[in-house]
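Have the model open while you read.

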Amino acid sequence: MTLSASLARGVAPTQPGTLHVRSVTGDLSAPPRPGLTVSFGRGEKPDVDLGVGVDDLRVSRRHGELTYRQGYWWLRNIGQQLVRLPRGRMMHLTTEPIPLATGYTPLFVKGSGYREHLVELYVASHDDQGPISRRRAETARPETWALDDDERLLLVVLGQRYLLYEEDPRPLTYAMAAKQLAYLRPDARWNERKIEYRVEAVRRRLDRTGFKYPLMHDKAQGRPADNGLLHNLLKGLVESTTLVPPDLDLMEDEATWPDSAP
């Protein structure tokens with residue numbers, strides 16, 4: 001069977017609310033009819049409407065369902081393995097169903113080992129224009145955030161492991177960063193308290209700009225560790241290319257640093 005292009009490119013104009021579903025084994029469309037359910041998993045018809053992970057025993061025979069009600073398609077995980085959604089959101093079989101927004105949503109069914117099985121979802125809207133080629137269009141520049149020279153140097157020192165693209169990076173401690181900054185800029189009088197103040201100021205400023213990750217404490221959820229918010233800040237700045245590997249040149253020759261981090 002020849003499949004259509006990825007649903008990420010869009011769908012042909014159709015009735016708003018129509019659901020399009022695609023996996024490596026097939027694709028289908030379903031009208032927005034109240035009570036209608038579309039199912040996917042390792043099993044065969046009529047048990048499921050779309051095969052997913054058909055050679056992976058970790059995938060349940062009937063792993064997920066999409067049901068149209070109250071004007072939305074509601075996704076439910078009924079399999080034993082997790083389903084991963086954009087932004088790292090996970091669904092367990094005990095998770096309440098969630099409504100799909102219009103447009104494209106990829107989900108990944110956890111399988112054996114490191115395997116994940118992609119299921120593409122697309123809910124049609126009034127604005128769909130069909131798959132559009134943009135090969136000749138100018139590339140959209142990533143959204144970046146302005147940093148002054150001191151902020152950039154501070155964040156490069158704190159986030160040097162992120163700029164080296166380590167597998168599981170973590171920020172430098174304020175104590176270690178203070179030592180390196182004192183060596184690099186002895187006249188600037190960097191210390192842990194000053195670092196904490198400047199980092200919080202950046203977090204507050206960027207939090208008001210629609211930054212990708214949470215940067216401030218959610219008092220309703222308790223007080224998380226500041227290190228987690230700093231991790232969010234550095235991860236977002238590197239992903240957006242606000243901070244880039246050449247910025248490491250600001251730190252000059254790390255071999256001459258006292259008590260250099262491993």
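There are 3 aromatic pairs in this structure (Phe, Tyr and six-membered Trp rings with centres within 6.5 Å; planes under 30 degrees apart are stacked, over 60 edge-to-face, the rest tilted). Keep in mind that this is a predicted model, where local features need pLDDT of at least 70 and side-chain atom pairs pLDDT 80 or more, while totals for chains, interfaces and linings use all residues. Numbering starts from 1 along each chain as its sequence is written, and side-chain values use heavy atoms, with hydrogens and water left out.

**Charges over rings**
- Arg69 lies over the face of Trp74, 4.3 Å from the ring centre (the cut-off: NZ of Lys or CZ of Arg within 6 Å of the centre and within 35 degrees of the ring normal).
- Phe108 has the charged end of Arg84 over its ring, at 4.4 Å from the centre.

**Around Leu154**
- Leu154 is buried, at 2% relative accessible area (buried is under 20%, exposed over 50%, partly exposed in between, with a 1.4 Å probe and protein chains only).
- Leaving aside residues up to four places away in sequence, Leu154 touches Leu181, Trp190, Ile195, Arg198 and Val199 (contact is heavy atoms within 4.5 Å).
- Ile195 is 41 residues from Leu154 in sequence, yet their C-alpha atoms are 7.6 Å apart.

**Where α3 meets α4**
- Tyr174, Ala175, Ala177, Ala178 and Leu181 in α3 meet Glu192, Ile195, Glu196 and Val199 in α4 (helices are DSSP runs of H or I, at least four residues, numbered from the N terminus).

Methods:
Helices (H or I, at least four residues) and strands (E, at least two) are DSSP runs, numbered from the N terminus.
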